[in-house]
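Take a look at the structure below. We will walk through it one part after another.

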Amino acid sequence: MRRSSFFLPTLKETPSEAQIASHRLMLRAGMVRQSAAGIYSWLPLGLKVLRRIERIVREEQDAAGAQELLMPTIQSADIWRESGRYDAYGKEMLRIRDRHDREMLFGPTNEELITQLFRDNVKSYRDLPKILYHIQWKFRDEVRPRFGVMRGREFLMKDSYSFDLDFEGAKKSYETMFTAYLKTFKRMGLTAIPMRADSGAIGGNLTHEFHILAETGESGVFYDVAYDELAAKGEIDLEALDRLYAATDEKHVPGAPGVPPAERLREARGIEVGHIFYFGTKYSKAMNAVVQGPNGEPVAVEMGSYGIGVSRLVGAIIEAHHDERGIIWPASVAPFQVGLINLKSGDAACDAVCDDLYAKLAKAGIDTLYDDRDDRAGVKFADMDLIGLPWQVVVGPKGVAAGIVELKNRATGERVELSAESALARLAE
RNA sequence: CGGGGAGUAGCUCAGCCUGGUAGAGCAUGGCGUUUGGGACGCCAGGGCCGCAAGUUCGAAUCUUGUCUCCCCGACCA
C-alpha cells in the first residue's frame with residue numbers, strides 16, 4: 001500500500017478525550033474514530049489489526065475442534081423471556097422495537113440464540129459433543145464507556161458454546177477451550193493469566209477470567225509470583241497453571257486456603273481479555289434443550305460458554321506493546337510487516353530503489369506500507385514509529401549512492417545498513 | 001446511577017470573571033526557501049462560539065432549560 005493513497009489520518013496532537021495509552025495511540029495512529037460514546041468506526045489500519053486478531057482466534061478455535069457459524073446481532077425478546085434473562089439483564093441491554101412493535105434487542109451475548117439453535121436441530125446424544133462459535137458484534141449499554149475500544153458499548157467478541165451429555169464431557173470441553181485460550185493469547189504476544197473469577201450475570205460454578213497484566217487494567221488481580229517465571233519461559237503447562245493461585249479481587253480472600261504467603265503473592269492490575277464458564281443445565285433446562293440419551297431417556301445438555309474480546313484485544317495489545325513514540329506491534333497482529341520509507345520522493349535514484357524493493361516485497365508476500373509522500377524525513381520517521389510496524393526500511397539519497405539501505409527494528413530500535421538485496425533477504429526470513 | 005469537569009476552525013486551546021466587529025498554534029491550499037527525526041517565510045480558505053428560550057440597544061460572554069462528551073466512584077464480557 002502506498003502511503004500517499006492510503007486512508008490513514010494520523011494526528012500529531014492527542015485528542016482531549018483520550019486518557020490511556022492505547023486509546024491515545026489508536027486515535028493518533030488513525031486506527032479508529034469515535035462516533036458516539038463507546039461506539040467506533042474502524043479505519044483501514046485499525047481494521048487490518050482487528051482482522052489479524054480475529055484470524056488467530058479463528059485458527060485456534062478451529063484447531064480445538066470448534067465450528068464457526070454466524071448468529072445475528074438483533075434478537076427477539078421471546079427467547080430471552082424463556083431463559084428469564086429479559087427482565088434480569090437490566091439496562092445494559094439495548095431494547096428496540098420493530099415496525100410491528102415487536103420487542104427486539106441488540107444482542108449483548110448469545111446463550112439464548114445458540115441454545116434455541118441447538119435444541120431445534122440436535123435430538124440425539126450421538127451428535128454430542130459440539131462446540132460452536134461465532135465472531136460477531138455485541139452491544140452492551142454500559143453506564144460509562146471508557147478507555148476507547150477497551151470498554152466500548154459496541155464491541156467485537158468471539159463467543160463459543162459447548163454442548164455435552166454429562167459433566168465429565170463438559171469439563172473436557174472447558175479444558176479444551178482453556179488450553180486454546182492460552183495458545184491464542186500467546187500467539188498475539190500476550191501473557192494471559194487464567195484467574196478464578198466471579199461468574200457475573202452468566203452464572204455457573206466453574207469459571208476463569210484471562211487477564212493481561214497492565215497498569216491501566218480495570219480489574220485488581222492477585223497471583224502467585226511463579227506466573228512471572230512461567231511467563232518468562234513462555235511455556236504452557238496446564239497442570240502447573242491449575243495448581244497456581246490467581247484470582248481477581250472479587251474472589252480473592254486474604255489468608256484463605258491456597259493463597260500463597262505474602263512474599264509469593266503479587267498484586268497487580270489486569271485487562272480481562274477472555275472469560276470462560278461452565279454453567280451446566282442453566283439454559284438447557286430453561287429452554288428445553290434436551291437430547292435423547294443412550295437408554296432413550298431425555299437429558300438436558302451440559303453447557304459452557306467461552307468469550308474473547310476481539311476488539312478489546314486491539315487496545316490490550318497496545319497497552320502491552322508501546323513506547324513514548326507509539327505502538328510496537330507484535331509481528332503476528334501487525335497491520336503491515338514492513339514500512340518502506342523513501343526519504344526523497346521524486347529523486348530518480350531513491351524512487352527506483354524503493355519501487356524495486358516494494359515490488360519485490362510484494363512478490364515475497366510481505367505486506368508493506370510504502371511511504372512515498374513528498375514530505376520531510378522527520379514526518380515520515382515519526383509517522384512510521386507511531387503506527388509501529390515491526391520493520392522499517394529507510395531509503396535515502398546518501399545510502400542509495402553508496403548502495404545501501406537502512407533496516408530498523410521498531411521494537412529494539414536497532415538499525416543496520418546493508419544492501420537492498422540483503423534487506424529483502426532478511427525480511428523474507 | 002451518584003459526584004465533578006468540558007462543549008469556540010479538522011486538532012490542541014485562549015477569549016467568558018468585567019456584554020460591544022471571532023482569536024492563536026498546529027493541520028489544509030498556493031508561492032518561495034529548505035530537505036536523514038514532526039522545518040522557515042509570505043499569502044489564502046475555513047466558525048450556527050453544542051442547541052433552545054430569556055435578560056439587554058447589543059450575548060461566545062449573564063440567566064434558565066436541554067443535548068453531547070470526558071473524569072472519579074458504583075456496576076459490568
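In helix H1, the buried residues are Ala21, Ser22, His23, Leu25, Met26, Leu27 and Arg28. This is a predicted model. The helix runs over residues 21-28 and is mostly covered, with seven of its eight residues buried. What do these buried residues pack against? Their partners are strands and helices: S1, strand S2 (39-42), strand S17 (322-323) and strand S18 (326-327), together with helix H10 (310-320) and H12. After H1 comes glycine 30, and its phi is positive, near 70°.

An N or O atom in its side chain is 3.0 Å from a base oxygen of RNA strand B. Arginine 325 also reaches a base: an N or O atom of its side chain is 3.1 Å from a base nitrogen of RNA strand B. A polar atom of the lysine 12 side chain lies 3.0 Å from a sugar or linking oxygen of RNA strand B. Which elements give two or more residues to the surface near RNA strand B? They are strand S1 (32-36), strand S8 (154-164), strand S13 (265-280), helix H12 (377-387) and strand S22 (405-409). H12 gives the most, with eight residues.

Now take the RNA surroundings as a whole. RNA strand B is surrounded by 44 residues. The closest are Ser16, Arg140, Arg144, Arg151 and Asp385. Sorted by class, this surface has 19 charged, 16 nonpolar and nine polar residues. What do the RNA atoms within 4 Å of the protein belong to? Sugar or phosphate accounts for 46% of them, and the rest belong to bases.

Arg151, among the residues closest to the RNA, has a protein partner too. The side chain of arginine 151 makes a polar contact with the side chain of glutamate 218, at 3.3 Å. Glutamate 218 sits in the loop between strand S10 (206-213) and strand S11 (219-224). Is glutamate 218 buried, exposed or partly exposed? Its relative accessibility is 34%, so it counts as partly exposed. Leaving aside neighbours within four places in sequence, glutamate 218 is in contact with Arg146, Phe147, Arg151, Arg269, Gly270 and Arg312. The chain also brings isoleucine 271 to this place. Isoleucine 271 is 53 residues from glutamate 218 in sequence, but the two C-alpha atoms are 6.0 Å apart in space.

Another loop holds histidine 252, between strand S12 (246-248) and S13. Histidine 252 has a relative accessible area of 11%, and therefore it is buried. Which residues does histidine 252 touch beyond its neighbours within four places in sequence? It is in contact with Phe222, Tyr245, Ala247, Val259 and Leu265. With tyrosine 245 there is a polar contact as well, side chain to side chain, at 2.8 Å.

Finally, step back to the domains. The domain assignment of chain A gives domain 1 (21-323) and domain 2 (338-428). Six residues from domain 1 and four residues from domain 2 take part in the contact. The C-alpha centres of the two domains lie 40 Å apart. How much area is buried between domain 1 and domain 2? The value is about 440 Å², and carbon and sulfur atoms give 56% of it.

Terms used: Residues are numbered from 1 along each chain as its sequence is written. Chains are lettered from A and ligands numbered from 1 in the order in which they are written. This is a predicted model: local features need pLDDT of at least 70, side-chain atom pairs count only at pLDDT 80 or more; totals for chains, interfaces and linings use all residues. Side-chain values use heavy atoms; hydrogens and water are left out. Helices (H or I, at least four residues) and strands (E, at least two) are DSSP runs, numbered from the N terminus. Buried means under 20% relative accessible area, exposed over 50%, partly exposed in between (1.4 Å probe, protein chains only). Contact means heavy atoms within 4.5 Å. A polar contact is a pair of N or O atoms within 3.5 Å; within protein, one must be able to donate a hydrogen and the other to accept it, and residues adjacent in sequence count only if both atoms are side-chain atoms. A residue is near a molecule or strand if one of its heavy atoms lies within 4 Å of it. Ala, Val, Leu, Ile, Met, Phe, Trp, Tyr, Cys and Pro count as nonpolar, Asp, Glu, Lys and Arg as charged, and the others, Gly among them, as polar. Domain bounds come from an automatic or database domain assignment. Buried area is the accessible area (1.4 Å probe) that two parts lose on being put together, summed over both.
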